[in-house]
Amino acid sequence: MIIESHADYRQQILMLYTRSSALDSEVVAWAMYDGTGATTHYAGDQDAAPYSTGLDAMQAGWRVLQVSQLNPPYPSAEYQTSYLPFEVMLEKWVKFDEK
Amino acid sequence: MKNNSVRRTDLLSTGDMARFVARGFLRFDGLIPDEINRDFLERIMRDEVRSHPPGTPLAECYATCPPIGALLRLPKVAGMIQSLVGLNPLFDHHAVHHCPPHQARAQDTHADSIVDVRSTAFDIQLMYYPHEVTASMGGTRYIPGSHFRRINEMAIARYQNIAGQQHVVCPAGTLLIMHHGIWHGGGCNRSGESRYMLKIRLNPTCRQVRLWNTDDLAALSVGPAAIFDPDAYRHQDRIQTLFERPEKWFPMDESRLETVNRIRLWRALIDDPEFDSHYWLSRLENQPE
């Protein structure tokens, strides 16, 4: 992608939480942060995921920035569940029109 | 309010308790009579709902708020409380939640208090909805099965939406009883009317062992004859079947860990260290000398 000027673009971030460490596994949680300000998202605003899998989001033009590492279970806490383990952070650069 | 033991038939059933252990909540739509709902709403408007110091016996609370005293004395409500936290629970705190109309966003998802490392004892939170909550009013959002996750309060705010999330859209007089660890948050009230909810947190003062109506315990606690026995899954009301059922959002590798969490709490609740489902813990506990 050729970007003429960074000042003309804003970042959109899509957080997807998948059922396994595979990017083509089902999305079980999600969040969206829109740097253009065109849309606002908040807790509980969508009961259906925007994409079925992480791969579906990539095929729709989202670029993967980061995925969760696979860490071994902490000793003595092998059965303890906590935060969602498979987080995929994606971005899009979107042309920004201040008008 | 005065607290007395209730009739055995007003206690929770084993199936109710197993569902609470598996999913972390019980919901009773329209349980509270209209006269209590109306009286309580009027007292909210007059700012008459007073709290109590944490650790006060529940039986000594709400003398100055008769509708809440009456609510807590309803046999079904008293029976639920007694089944979960015993006959003489302590008042921890309460909060009258007011969501004004025309909100632009929701409260982020969180678990109350701070990270809680208790493995068997638990508090309950009563969430009482004195008026109808419509879809546009948002309602409380909660995540079934999230109660065993050891997280700290608002650290999960990044999770805007989780598959299977529930919104309390309900008739007046609905009561939701939650394990203290359930992830939840106030929904965005897009309507033109205020939304009210009373939350009361209660602490147990006794071991939480067989406090419910256990008459059906043996009948419902029948494990599968063999692992992956299809017959086991045809009996949807069996405790083991309830404990094996994943929530929509469970990561693939953690469904079995959540089953283990459920087994461990159930072992404590029935005081039976050998209870198991699908051989998950028996296999790991086998260490021949």
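1. A crossing of two helices is left-handed if the near helix is turned anticlockwise from the far one by less than a right angle, and right-handed if clockwise. In this predicted model, helix H2(B) passes H3(B) in a left-handed crossing. The axes of H2 (residues 34–45) and H3 (residues 66–73) of chain B come within 8 Å, and they cross at roughly 145°.

2. As to the residues behind that crossing, H2(B) contributes Ile36(B), Asp39(B), Phe40(B) and Arg43(B), while H3(B) contributes Pro67(B), Ile68(B), Ala70(B) and Leu71(B). Sorted by class, the residues of this helix contact comprise six nonpolar and two charged, with no polar ones.

3. Turning to the sheet, five strands form an open arrangement in the order E3(A)-E4(A)-E1(A)-E2(A)-E6(B), and the pairing is antiparallel. E3 (63–67) of chain A and E6 of chain B stand at the edges with a single partner strand each, so one side of each is left without a neighbour in the sheet.

4. Concerning the interface of the two chains, 32 residues of chain B are in contact with 23 residues of chain A. On the chain B side, the elements that give two or more residues are strand E6 (161–162) and helix H7 (255–270), and H7(B) gives the most, with four residues. By class, the side of chain B that touches chain A holds 13 nonpolar, nine polar and 10 charged residues.

5. Within chain B, the domain assignment gives domain 1 (8–203) and domain 2 (221–285), and the C-alpha centres of these two domains of chain B lie 27 Å apart. Between them, 14 residues of domain 1 of chain B are in contact with 17 residues of domain 2 of chain B. Helix H1 (residues 14–23) of chain B gives the most to the domain 1 side of this contact, with six residues, and that side of domain 1 of chain B is made up, by class, of eight nonpolar, five polar and one charged residues.

Key
Residues are numbered from 1 along each chain as its sequence is written. Chains are lettered from A and ligands numbered from 1 in the order in which they are written. This is a predicted model: local features need pLDDT of at least 70, side-chain atom pairs count only at pLDDT 80 or more; totals for chains, interfaces and linings use all residues. Two residues are in contact if their C-beta atoms, placed from the backbone, lie within 7 Å. Ala, Val, Leu, Ile, Met, Phe, Trp, Tyr, Cys and Pro count as nonpolar, Asp, Glu, Lys and Arg as charged, and the others, Gly among them, as polar. Domain bounds come from an automatic or database domain assignment. Axes are lines fitted to C-alpha atoms, for helices over the stretch in contact, and angles run from 0 to 180 degrees between N-to-C directions. Two strands pair if DSSP finds at least two bridges between them.
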